[in-house]
Amino acid sequence: MSTKSLEEKEISQHDAFMQLVAPDGYYKYLGVEKIPVEDKTGNSSSSSPNAPSFTVDVDLVKKSYRKLSRRHHPDKGGDPNTFRLLNRAQRVLLHPKLRAQYDNLGIDLDDDEGDHHSPSDVNNGDDTNDESSNNKDAGNGISQGIISELATIALSGMMQLIIRTALMGVAAVLVVRYRWTAIPALLFMAYIVVQVVGKASIRGGSVYDTGASLYDAISPILIFIGLFFMFLGRTRGSEEQEAKDWTWLFWLGETMVVALFSYNSLINAPWNIFSYSLLAVAAGLLALWFRGKFYNYLTALVLEVILAVLIAMAFPIMELVLEAILNEKLKKVGEKIRSHHRQLEQYYLDKYQNRKC
């Protein structure tokens with residue numbers, strides 16, 4: 001091949017790459033037109049910010065991709081970057097969610113380096129990998145949503161809170177009320193303390209890292225003390241007689257258990273003197289309201305379940321609202337990008353024509 005033909009081929013590859021990275025270049029280079037999506041009433045669905053405003057001829061996209069991929073395949077002397085971007089263009093245009101994002105801005109912000117097709121895929125026209133890649137892209141977009149992550153964290157925290165409140169209610173209402181339930185519970189907590197302290201003591205000399213430290217024993221020790229105070233705070237006449245009046249010793253033990261249960265639920269939160277003090281005050285007020293009564297714990301559980309349901313219902317709505325706002329912002333940015341690109345094209349075209357004259 002002559003030097004002139006090589007230079008022409010390099011220029012052609014460069015032009016193809018520049019067309020693909022230009023605003024709406026995926027459509028232009030593959031020769032695909034945007035087809036407005038109409039709803040059942042015949043009106044354009046562009047008023048719905050979360051739905052694609054345009055669709056494409058899928059068969060035409062695949063046909064154009066096969067033709068261009070043979071031209072730009074690296075094994076046939078094509079440019080690897082152009083071939084990679086061509087693969088990405090096909091994936092975006094074939095997937096409604098990715099295409100809607102591309103239509104808003106006019107450029108592909110999520111162009112990833114991993115879009116490669118093997119020669120056999122190109123030659124055989126196998127679209128299986130394209131569909132699986134499109135599904136993967138869609139899944140990544142959903143899992144990485146900010147609102148989705150916040151909803152997961154909030155619901156996880158609420159589930160922990162509900163479980164710990166139920167355990168706290170069982171301990172306050174039933175376990176510490178009778179000797180035959182309180183003594184086994186206290187012995188069990190003592191066993192946990194001994195196990196944690198034992199593992200922490202051999203951590204330095206053992207070839208196995210148990211992951212335990214003396215700091216980990218503080219929580220079960222304080223829970224043991226809190227349960228013991230709650231047990232002593234119940235005034236009994238006989239073993240069959242139900243506990244009578246609430247006492248301040250019982251309040252102290254219930255405050256300790258509530259505080260430690262809450263702390264263990266928020267162990268990854270940033271803790272300082274202020275947060276510790278706030279937790280202690282909140283636990284004391286809650287214990288002052290609970291008073292070891294079944295209906296108070298039941299009320300707390302019902303409120304927590306209602307709050308969890310509201311969170312589960314509210315976050316999807318928030319996600320839709322946030323997505324609509326972002327889409328509107330991206331559309332405005334996309335209009336500016338397209339306008340700026342047209343001005344640059346016109347500027348260099350005028351400059352080129354002036355130089356020819």
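**Close-up 1. Y276 and its aromatic partner W271 in the predicted model.** Y276 has a relative accessible area of 37% and is therefore partly exposed.

**Close-up 2. The tilted pair of W289 and F290.** The centres of these two rings are 5.2 Å apart, and 45 degrees separate the planes. W289 is partly exposed at 39% relative accessible area, whereas F290 is buried at 6%. The structure holds 10 aromatic pairs. Elsewhere, Y26, Y27 and Y102 make up one aromatic cluster.

**Close-up 3. The largest nonpolar core.** This core has 24 residues, and M168, L227 and M230 have the most contacts inside it. Elements giving two or more residues to it include helix 8 (146–173), helix 10 (218–233) and helix 12 (273–290). Helix 11 gives the most, with seven residues. Leaving aside residues up to four places away in sequence, M230 touches M168, A172, V176, F250, G253, E254 and V257. A second, separate core of 19 residues includes A16, L20, Y26 and L86.

**Close-up 4. The crossing of helix 5 (residues 96–105) and helix 13 (residues 294–356).** The two axes come within 6 Å and cross at roughly 50 degrees, so the helices are oblique to each other. On helix 5, the residues in contact are K97, Y102, D103, N104 and L105. Their partners on helix 13 include E323, N327, L330 and K331. The residues of this contact divide into five nonpolar, three polar and five charged.

Methods
Residues numbered from 1 in each chain as written. Predicted model: local features only at pLDDT ≥ 70, side-chain atom pairs only at ≥ 80, totals over all residues. Heavy atoms only, no water. Axes fitted to C-alpha atoms, helices over the stretch in contact; angles between N-to-C directions. Helix = DSSP H or I, 4+ residues; strand = E, 2+ residues; numbered from the N terminus. Parallel < 35°, antiparallel > 145°, perpendicular 65-115°, else oblique. Contact = heavy atoms within 4.5 Å. Nonpolar A, V, L, I, M, F, W, Y, C, P; charged D, E, K, R; others polar. Core = buried A, V, L, I, M, F, W, Y, C linked by side-chain atoms within 4.5 Å. Buried < 20%, exposed > 50% of the residue type's maximum accessible area, 1.4 Å probe, protein only. Phe/Tyr/Trp six-rings, centres within 6.5 Å; stacked < 30°, edge-to-face > 60°.
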